[in-house]
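Open the structure in your viewer and keep the selection tool ready. We will go stop by stop.

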Amino acid sequence: MSAWFEDLKEQFILNFIEGDRWKWLLDGLKMTLHIAFFAVILGIVIGVAVAVIRSSWDQNNHKMHGLSRAVMAVLNFISKVYLTVIRGTPVVVQLMIMYYVIFASSTNARMVATLAFGINSGAYVAEIFRSGIMSIDKGQFEAGRSLGFNYIQTMWYIIVPQALKNVLPALCNEFIALLKETSVAGYVTITDLTRAGDLIRGRTFSAFMPLIAVALIYLALVMALTWLVGKLERRLRTSDH
Amino acid sequence: MTTNNANNNVLIQVKDLTMDFGDVHVLKGISTEIKKGEVVVIVGASGSGKSTFLRTLNLLEEPTSGQILFEGVDITDKNVNINLHRQKMGTVFQQFNLFPHMTILKNMTIGPMKLLKKSQEEAEAEAMELLGRVGLADRANAYPSQLSGGQKQRVAIVRALAMHPDVMLFDEPTSALDPEMVGEVLEVMQNLAKEGMTMVVVTHEMGFAREVADRVMFIHDGIIAEENDPQSFFTNPQHPRLKEFLSKVL
């Protein structure tokens, strides 16, 4: 028993203390958080825009006329192509296409990765949001319009806040998935948390410690995220008693 | 914008209004005038087109053909900014449609603040005054889910009034209420009528029609089958369908 414990301690020192290898994990963690954070924001912006376009087309295209109808038809078509392509291909392939093809001349891998993950997440957020918008009673929309709000104002002040509340659990799911998906960033030369753990493994020829450490850090991140969203959910629920 | 009505007392003029839902002709040519300060009650069987007619008045439903002149402006014209005219037409719905994520006060101030550009202080003072009038000042900071149906509808009415509308449209305002709450809502509407508000009311409350209306309109099969002052309407109906209808509801 004590021999086993001694061995564990030795392994720990070898993998994390020697050569300050814990700093690799810390830097990797920072990279993962940076990419995930900005990708989430980008994903929300794209997702809300696509969801509003898609649901307003589905619900109102019979009422649209002339130029606005033509513009909306084009936007809706682009949105549908975007959803099909992004959801139909693996994120790691999208990431590599972004880095090695579209932005082949860029050396800023972190920015390209953030863009790739954000664009990817946007497609899923869009469908989550669309379901949220569709779930709001159409009377809410009519009440907003009859007060004199235009379409966008009604969406912004009345529909989206309610939709957001309804889809928060599903959104949280997507954020968790995104955070973990960033673990493929190593494919495009980025040293994120996963890659950092793997680098340690390559240096120390010991797999257990670095990989378990990486797993635990992801777990802690996801638990913290879940807790945060749960708190937000409870705050938004003050209006239904 | 055209001002082509000579009579300044006419607030809403409806000309040959038709409305199709696909192959179904819901409205088959409605023409009428609603004068300032008039209370018009619309009755009819379900499916007659009465709610659709009311909802076309502020273009929540888009008519297939015909014109609606509101304050002299043809609001069915595609070049008219309907949002500006809707501010002047308060709407009260059967299902209240309060905004559940906002307090009562916020429900009442969001329109005046965002659309009429009133300051928060001014909008809130006015909202509190209106809430006081319907006996709900103490519920200003509650959420809609904490109110009874009758309270919700009273809030919905004053929310519309906070925009200072020139006409109030009521779409079966008491149909979703428990019977004991119908009275409190009708009372608010009755007071509103006394104050001279122009009102168009779709309802099944024949007592309200008889006491408050200046004119009662019977819509049947997408047209105005009969209209008259309440006295004649209820005691001396002409149209066979109206006779049948009244024999069922009175």
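Select A:I78, which sits in helix α3 (residues 66–88) of chain A. Helices here are DSSP runs of H or I with at least four residues, strands are E runs of at least two, and both are numbered from the N terminus. This is a predicted model, where local features need pLDDT of at least 70, side-chain atom pairs count only at pLDDT 80 or more, and totals for chains, interfaces and linings use all residues. Residues are numbered from 1 along each chain as its sequence is written, chains are lettered from A and ligands numbered from 1 in the order written, and side-chain values use heavy atoms, without hydrogens and water.

With A:I78, they form a nonpolar surface patch of about 740 Å² accessible area together. Patch residues have over 30% relative accessible area and no salt bridge (a Lys or Arg side-chain nitrogen within 4 Å of an Asp or Glu carboxyl oxygen). Nonpolar side chains (Val, Leu, Ile, Met, Phe, Trp, Tyr) are joined within 5 Å, like charges within 9 Å. Areas come from the Shrake-Rupley method with a 1.4 Å probe; for residues, only the protein chains shown count as cover.

The chain A mean is 91. Confidence is lowest in helix α1 (residues 2–17), at a mean of 86, and highest in helix α6 (residues 138–147), at 96.

Finally, move to B:T76, in the loop between β5 (73–74) and α2 (82–86) of chain B.

Terms used
pLDDT = per-residue confidence, 0-100.
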